[in-house]
Amino acid sequence: MIRYDQGIFFLNTDQTGYIFRLTGFGHPEHIYYGPRPENPSVESLELKRTAGVGGTVVYDESDPMYCLDILPLEWSGIGKGDFRQSPCEIKMPDGTFVTDFVYQSHEILDGPAPSEILPCAVAEAGEAQTLSILLKDKLFDIELTLLYTVFPAVDVITRRAVLRNHSGGSIVIRKMMSMMLDLPASVSRRTTFHGGWIKEAHKQTEPIGNGIYVLQNLTGASGNRCNPGFLISEENASEAFGRVYGFNLVYSGNHYSAIERSHQGSVRVMTGINPHCFEWPLDEGSVFETPEAVLTFSDRGYNGASGQFHDFINRHIVRGNWKDKERPILYNTWESFFFDFTRRKLIGAAKRAKNLGAELFVLDDGWFVGRKDDTAGLGDYETDQRKIRGGLQSLSGRLHGMGMAFGIWVEPEMVNPNSNLFRAHPEYAVRIPGRKESYGRNQLVLDLTNPSVRDYIVEKVSGLLDSADISYVKWDMNRHITDMYSASIPEQGMFFHSYILGLYNILKRVFEPRPHILLESCSSGGNRFDLGMLCFSPQIWASDNTDPVERLAIQSGLSYLYPLSTIGAHVSASPHQQTLRDTPLSNRFNVAGFGVLGYELDPAHLTVSDRKEIKNQIRFYKEHRRLFQFGRFFRHDAVKDNKVHWQVVDPKQGMSIAGLFNLMSHASEIPDVLPLDGLSPEREYEVRTVPKKLSVRKFGGLINHILPIRIDPNGLLFRLIDRFYTLTDCVEQYSAGGRELMQGVALNTPFIGTYYNENTRLMGDYDSNLYQITAL
C-alpha cells in the first residue's frame with residue numbers, strides 16, 4: 001500500500017497511484033495522482049525545472065531554478081515565494097505570518113490514525129495503512145504532521161494535518177486546512193453541489209478558469225447552500241468515461257474549499273475548516289487537529305468516482321450495529337398531523353401503516369409539553385400527557401405489540417424562550433451580552449461549547465431514550481447560528497469549531513452506549529448532510545421536499561458523494577406541500593425507492609387502490625431492499641433533456657433495477673432507449689417492466705375512448721371507479737446477453753397522440769417506469 005524509496009513516497013490503492021517526493025530543501029513535492037502505474041518512472045512524471053520563470057522568487061540562491069510558486073506541492077506556507085493560496089495562516093511567535101515547514105522524519109503505520117476529538121474513518125485489520133510525515137518550521141519549534149491513510153480496496157486516500165507548538169510561546173491559527181494538493185493543468189472542470197432549503201444538492205458543473213473559486217458555508221453547519229464534497233475532472237468526462245478526482249471532508253461545521261488555477265496552469269485544491277471568524281490560540285505544548293479530508297480518483301467517469309465514495313462510506317465511515325445493515329421502512333407522522341395529534345390518532349395511523357407493510361413508526365415533532373406549534377417547548381423533554389395519555393412507554397409498548405418498532409424526533413441543540421429550560425437557564429442560549437438576539441423559527445441555539453449544556457442534553461436525551469422501547473431517533477437542527485458568543489471559550493474565534501466539537505461529544509456520549517438505536521440526522525432537511533454526521537448517523541434526511549420531481553435532482557446530486565444507504569427518502573401525499581405539484585403514486589415510490597424508503601402521508605386518506613399499490617410497493621422494496629440500499633448505483637447520461645436514468649446493480653451482477661424517469665412529456669416523442677451498465681458481459685439476462693398501476697382519474701374524459709359506455713369524468717360513478725380500480729401500463733420483456741444489453745435496450749413507443757394499444761407506454765408528465773434485470 002505505502003512504499004518509501006530514496007525520498008519518494010508511493011501510495012497505492014487497488015486501482016490508483018499517488019506519488020510525491022521530498023525536494024532537496026525538504027518540501028513535499030507532488031508528482032502524480034491517477035491510474036495505478038505498474039513501474040512508475042518519476043523522471044517521466046515530474047515537473048521539469050529547466051528554466052526560471054520571470055517574476056518569481058527563488059527560494060534559495062544555491063538553486064536558481066527552485067521556486068515554490070511553480071512547484072506542485074503537498075503543503076505550502078506563506079512568505080517564501082509561493083503566492084498561491086496557502087493552506088495555513090499562523091501568527092508566529094515573532095508576530096509574522098511566515099511559515100516554512102520542511103521534512104524531519106516519517107513513519108508508516110498499520111491501520112488509520114484516529115483523532116482524539118474528531119470523527120475519522122475506521123478500518124478492520126489489514127484494510128488501511130497510514131503514512132505520517134513530520135515537518136518542522138525552519139525557525140521555530142512548531143511541528144506539522146501530515147497524515148495520509150490509504151484504503152486500497154475502495155481506492156480512497158484520506159489526509160489530515162496536526163499542528164504542535166513547542167516554540168516556548170503562543171501562536172494563533174487563523175487558517176488551517178486539512179489538505180492541499182496541486183493537480184496538473186489538464187483538469188478543466190469543477191462539479192459542485194448547491195442549493196438551499198427544499199432544493200438541496202443541485203449539481204453545477206463549470207470550467208476552472210484563472211483565479212480562485214471558493215466553496216464554503218458560513219451558517220454553523222456543513223450546510224445546504226454548498227455541500228463540502230466536490231469533483232474535479234477533465235473536459236470530456238461523463239458519467240461512464242473520463243478522469244475524475246473526488247474530494248470531501250469528515251466535518252459538520254463551517255467548511256472551506258478553494259480551487260485555484262495558477263498563472264502556470266496548475267490547479268491547487270484545498271479543503272478544511274472555514275477560516276471565517278476563526279482564530280485558535282495554541283499555547284506551548286498544545287495540539288490542533290484538522291478534520292479528515294477524503295480523496296478519490298477514477299478514470300471511469302463520475303460513476304467510477306462516486307462508486308468509490310459509496311464503498312468507502314459504507315465500509316469506513318458508517319460504523320457500529322448499522323454498518324452494512326438494511327434499514328427499516330418507516331412511517332413518519334409529520335406531514336400527516338404536524339402538531340395536531342392524539343394517542344388515538346397515532347395508534348390508528350400505526351395500524352394502517354403496519355397493514356401497508358411499514359416496520360417502524362416515527363413520532364415527529366409535537367410530543368412534548370408546550371409544543372402546540374413551533375413557538376414553545378424546545379429544550380424540554382416531558383411528554384404531553386394530554387396528547388399521549390400514558391406517555392411514550394405505553395405508546396411504544398402498544399406499537400411493539402402490533403409488530404412495529406418505535407422511533408422519535410428530537411431537536412436537542414435548540415431552545416425556545418418559551419420553555420422551562422430557558423426560564424431556568426437563559427445563559428444556556430447562544431447570545432451576546434448587551435446585543436439583541438436574532439431568532440430563526442422562533443428559537444435560539446444552545447451553547448454546545450458549554451460543558452453544562454452538553455451535560456444537560458446528554459442527561460435529557462439519554463433519559464428519554466431509556467424511558468421507552470425506542471430503536472430510532474430523528475435528530476433535527478432547524479436554524480442557522482447567529483450572535484456567536486460563549487463565555488465558556490477563551491477566544492470568540494474558537495466558537496464555530498468548538499460548537500461542532502461539542503456536538504460530536506454529545507453524539508458520542510448518547511449513542512455509543514446505545515448502539516442498537518438507528519440515528520437519522522436531519523437539519524431542516526439536508527442542511528447537515530456530511531461525512532462527519534455519517535460517523536454517528538447511518539442515514540440522513542435528504543430534504544424536506546418530498547416531491548419526486550424535485551427529489552430527482554436532490555438525490556442525484558447527493559449520489560455523486562454519498563451512497564443510497566444514507567439517503568432518507570419518503571413517499572408523501574400529492575399535491576406536494578413544497579411545490580403544489582400533483583404526481584403519480586408510482587413515481588413517488590420509484591424515486592424514493594432509490595434510497596432509504598419511508599412513507600409520510602395520512603394512511604386514513606388513501607383510496608382502496610392506493611392501499612393496494614402501496615402494499616405492492618413495500619413488498620417489492622422488501623424483496624430488493626439490499627439492492628436498493630447497497631447495490632452499485634449508476635447515473636446514466638440522458639440523451640433527452642426530459643429524462644433521468646438511474647440504475648442499481650448487485651455486487652454479483654445477478655440482479656439489477658433501472659429507473660426511467662420522465663419530467664415533462666413532449667408531443668410525438670421519439671422512442672426511448674434504456675441505458676444499462678454494470679452487468680456481466682458473459683451472462684444472459686431477462687429485462688422486464690415492473691408492473692405499474694395507472695390512476696383512472698389521470699385520464700379524465702379520455703377514458704371514454706376505451707370503455708363500452710360513456711361516463712361523466714366529473715360524476716360519482718367515475719369517482720367510484722377511480723377509488724377502487726386502476727389501469728395497468730404496458731409491460732415489456734426481453735432476453736439478451738449482458739454485453740448486448742449494455743448497448744441500450746430499445747423500448748416500445750410511448751403514447752404519441754394516436755394508435756393506443758396494450759403495447760403503448762403511457763408515460764405522462766412526472767411519470768416513470770422501473771425495469772427489473774435478472775440473470776438467467
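Two residues are said to be in contact when heavy atoms of theirs lie within 4.5 Å. In the predicted model described here, Pro675 is in contact with His636, His645 and Gln647, its neighbours within four places in sequence being left aside. Pro675 itself is found in the loop between strand 34 and strand 35. A further reference point for this residue is Arg84: the two are 591 residues apart in sequence, and their C-alpha atoms are 43 Å apart in space.

The loop between strand 33 and strand 34 (673-674) contains Ser668. The phi angle of Ser668 is near 50°, a positive value in a residue other than glycine. Ser668 is exposed, with a relative accessible area of 53%. A positive phi, of about 60°, is also found at Asp324, which is not a glycine either. Asp324 is placed in the loop between helix 2 (301-317) and strand 21 (330-332). With a relative accessible area of 45%, Asp324 is partly exposed.

Eight strands form a closed barrel that runs 21-22-23-26-27-28-29-30, with parallel pairing. Strand 21 is paired with strand 22 (residues 360-363) in the parallel sense over three bridges, and Tyr331 stands opposite Phe361 in strand 22. Helix 8 (residues 495-511) lies across strand 26 (472-475) and strand 27 (518-521). Relative to strand 26, helix 8 runs at about 165°.

Between strand 29 (567-572) and helix 11 there is a loop in which Pro575 is placed. A cis peptide bond, with omega of about 5°, joins Ser574 and Pro575. Helix 11 (residues 585-592) has eight of its eight residues buried, so it is largely enclosed by the rest of the structure. The buried residues of helix 11 include Leu585, Phe589 and Val591, and also Arg588 and Asn590.

Burial is likewise found in strand 14 (residues 230-233), both faces of which are covered. Phe230 and Ile232 on one side, and Leu231 and Ser233 on the other, are all buried. Strand 14 pairs with strand 11 (residues 189-194) in the antiparallel sense over three bridges, and Arg190 stands opposite Ile232 in that pairing. Strand 14 is also joined by four bridges to strand 15 (residues 244-250), and these two strands run antiparallel. The bridge partner of Phe230 in strand 15 is Phe247.

A search of the whole structure finds eight cavities of 30 Å³ or more. The volume of the largest cavity is about 90 Å³. Its lining consists of 16 residues, among which His27, Leu68, Ser76, Gly77 and Asp100 lie nearest the centre of the cavity. By class, seven of the lining residues are nonpolar, six are polar and three are charged. The second largest cavity holds about 60 Å³ of space. Among the residues lining the second largest cavity are Phe193, Glu200, Asn224, Phe529 and Leu558. The lining of the second largest cavity has five nonpolar, four polar and one charged residues.

How values were computed. Residues are numbered from 1 along each chain as its sequence is written. This is a predicted model: local features need pLDDT of at least 70, side-chain atom pairs count only at pLDDT 80 or more; totals for chains, interfaces and linings use all residues. Side-chain values use heavy atoms; hydrogens and water are left out. On a 1 Å grid over the protein atoms alone, a cavity is a set of points where a 1.4 Å probe fits but cannot get out, and a pocket is an open set with protein on both sides within 12 Å along at least five of seven lines; lining residues have an atom within 4 Å of a point. Grid points are joined across faces, edges and corners, and a volume is the space filled by probe spheres set on the points. Ala, Val, Leu, Ile, Met, Phe, Trp, Tyr, Cys and Pro count as nonpolar, Asp, Glu, Lys and Arg as charged, and the others, Gly among them, as polar. Buried means under 20% relative accessible area, exposed over 50%, partly exposed in between (1.4 Å probe, protein chains only). Two strands pair if DSSP finds at least two bridges between them. Axes are lines fitted to C-alpha atoms, for helices over the stretch in contact, and angles run from 0 to 180 degrees between N-to-C directions.
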